[in-house]
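Take a first walk through this structure. Begin with the ligand, then move on to the packing.

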Amino acid sequence: MQKYSVLSLIKNAFSSHKDWEVAWKDQDPKKEYDVVIIGGGGHGLATAYYLAKEHKITNIAVIEKGWIGGGNIGRNTTIIRSNYMHDENALFYEKGMELWRSMSQDLNFNIMFSPRGIINLAHSDAQMNAYARRGNSMKLNGIDAVLLNREEVKNKVPILDFSDNVRFPIFGGLMQPSAGTARHDAVAWGYARQADSMGVDIVQHCEVTGFDISNGKIKGIKTSRGDIKAKKVGLCVAGSTSILADMLNMTLPIETHLLQACVSEPIKPLLDHVVTFGAGHFYCSQSDKGEMVMGGDLDGYNSYAQRGNLPTLQHVLTEGIAMFPFLSKLKMLRTWGGIMDMSMDGSPIIDKTHIQGLYLNCGWCYGGFKATPASGFTFAHTIAQDKVHELNAGFRLDRFSTGHLIDEKGLGTKTWIS
Amino acid sequence: MLYIKCPYCGYRSQNEFAYGGDATVKRPELNKEVTDKEWDNFVYLRKSPRGKHLELWHHVSGCRQWIKVLRDTNTHEIFNTYKSEDKVET
Ligand SMILES: Cc1cc2nc3c(=O)[nH]c(=O)nc-3n(C[C@H](O)[C@H](O)[C@H](O)COP(=O)(O)OP(=O)(O)OC[C@H]3O[C@@H](n4cnc5c(N)ncnc54)[C@H](O)[C@@H]3O)c2cc1C
Ligand SMILES: [Zn+2]
């Protein structure tokens, strides 16, 4: 594989950048693989990368129905954080933070990781107390957390509405300074390029339409481009999980819902951090191009549409304007949506299934982008060793029937009601 | 914007309704021993189909009745709406 560096950039400048190697090959599917990963999003590609890198399994195909980067990996608002209270989530996402910090070097691909810090605003004394508790839990797990008072928030984000007559005055906030953002498509491309260089077949425009199972054991998959035999199969299809589960006669603790995001026209640098509203669901950061990147609630009813509806966008932006009144003056550049695998406790599932050789990775809800490296790392381990890694041991499929829920937000079983 | 035909009030904007989820889920019968499996099915497990979905909506800013809506989760087409007590074949 051609290494990307300043030197290679200069060298290729002499040939007008016409001689760059392709970043990954567009493979036709072979008849048989050791491992087939379904879904060429961030999680599927990261899983293939770690299977090859850590477990030396390279006879792998990543089967993607569309193109690499066309799913949620290319649709999210790129927030990366580990400000969780429960151990299962905190330790898993903190492992992710470690992997994010070295990802550009590891992948030899600039993923533009920008640890600019995230601030969750508090709008009451009770919320400040709850944040103090969460911050302390984070620190006990070795995660950085700083409780900010109103003045400290004002220093960091003066553009927020600090006037006296607002409906939800700002009391302070909880900050994770090491949190941030990254270039989402670069993450998909970087993993795809490295996986390809280690021998992984990246098969695009190939839809999985069924499974071949006999005696409780996976034998292969059926696709729009023919049958493929496989010893092991891993599902990484995010918002399409319930559709594939139906082909397997499985019913999962998941519903598919739509999440929208939008960006404004670009403006000069104004917002240095990721900031979230504490009295509703709205968050905002500023992209390198200067656009305000914004998102919030789900559309609120089951949807596979991959496009959103205006009432939710209006609701979310109303919250945004309450926080940042200047937003009302900006023009909206783009809005889009992605379909989300909403689990019933808001936490993910990375586990084996009752079918031997079939592994499940799903339930990422609003936050699966930041999970990408840790998810790939632990899912690869689960597949290669046929047992869960200690970091995903809590993300069990059967935790709902055994009562071991990881109910981070206290939303109960309807994480789509918020 | 969805336009939902409330069986009591007629066509109303989506903004007047709150969503209530899959309407085909049945609570295990009262006064009977409930197995963990039955409880799991009722509380947590959902088919979440792509296509026709029978679901509950609450006309919360209108007549406040719960209704059933047969909607396509891919196209958002609403095929029909029903009173909550209506039996619907799916
Ligand atoms: C608007 C929006 C904002 C978000 N913001 C954030 C954020 O700020 N921070 C954060 O951490 N997370 C965020 N997320 C969530 C995050 O994007 C997802 O949880 C994560 O990307 C899901 O994992 P993935 O990348 O593997 O999914 P995807 O990229 O969706 O990958 C799944 C792939 O499976 C493929 N597939 C489906 N069915 C089949 C089939 N039958 N055969 C073959 N292939 C199939 C799909 O085409 C798709 O490419 C956001 C999501 C959205 C929609
Ligand atoms: Zn009504």
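A polar contact is a pair of N or O atoms within 3.5 Å; within protein, one must be able to donate a hydrogen and the other to accept it, and residues adjacent in sequence count only if both atoms are side-chain atoms. A polar side-chain atom of A:Asn76 makes such a pair, lying 3.4 Å from an oxygen atom of ligand 1. The backbone takes part too. A polar backbone atom of A:Val208 is 2.9 Å from a nitrogen atom of ligand 1. A polar backbone atom of A:Gly368 is 3.0 Å from an oxygen atom of the ligand. On its own, ligand 1 has 1,000 Å² of accessible area, and the protein covers 96% of it (Shrake-Rupley method, 1.4 Å probe; for residues, only the protein chains shown count as cover).

This is a predicted model: local features need pLDDT of at least 70, side-chain atom pairs count only at pLDDT 80 or more, and totals for chains, interfaces and linings use all residues. Residues are numbered from 1 along each chain as its sequence is written, chains are lettered from A and ligands numbered from 1 in the order in which they are written, and side-chain values use heavy atoms, with hydrogens and water left out.

Who surrounds the ligand? There are 37 residues around ligand 1, each with a heavy atom within 4 Å of it. A:Glu64, A:Asn72, A:Ile73, A:Thr77 and A:Lys370 come nearest. Among the elements that each supply at least two residues of this shell are α2 and α9 of chain A. Helices (H or I, at least four residues) and strands (E, at least two) are DSSP runs, numbered from the N terminus.

Now the packing. The largest nonpolar core has 57 residues. Such a core is a set of buried Ala, Val, Leu, Ile, Met, Phe, Trp, Tyr and Cys residues joined through side-chain atoms within 4.5 Å. Buried means under 20% relative accessible area, exposed over 50%, partly exposed in between (1.4 Å probe, protein chains only). A:Trp100 and A:Tyr191 have the most contacts inside this core. Its largest share, eight residues, comes from α3(A). A second, separate core has 32 residues, A:Phe211 and A:Phe400 among them.

Finish at A:Ala182. This residue sits in the loop between β7 (180–181) and α6 of chain A. A:Ala182 is buried, because its relative accessible area is 6%. Its contacts (heavy atoms within 4.5 Å) include A:Trp100, A:Ile111 and A:Phe369, not counting residues up to four places away in sequence.
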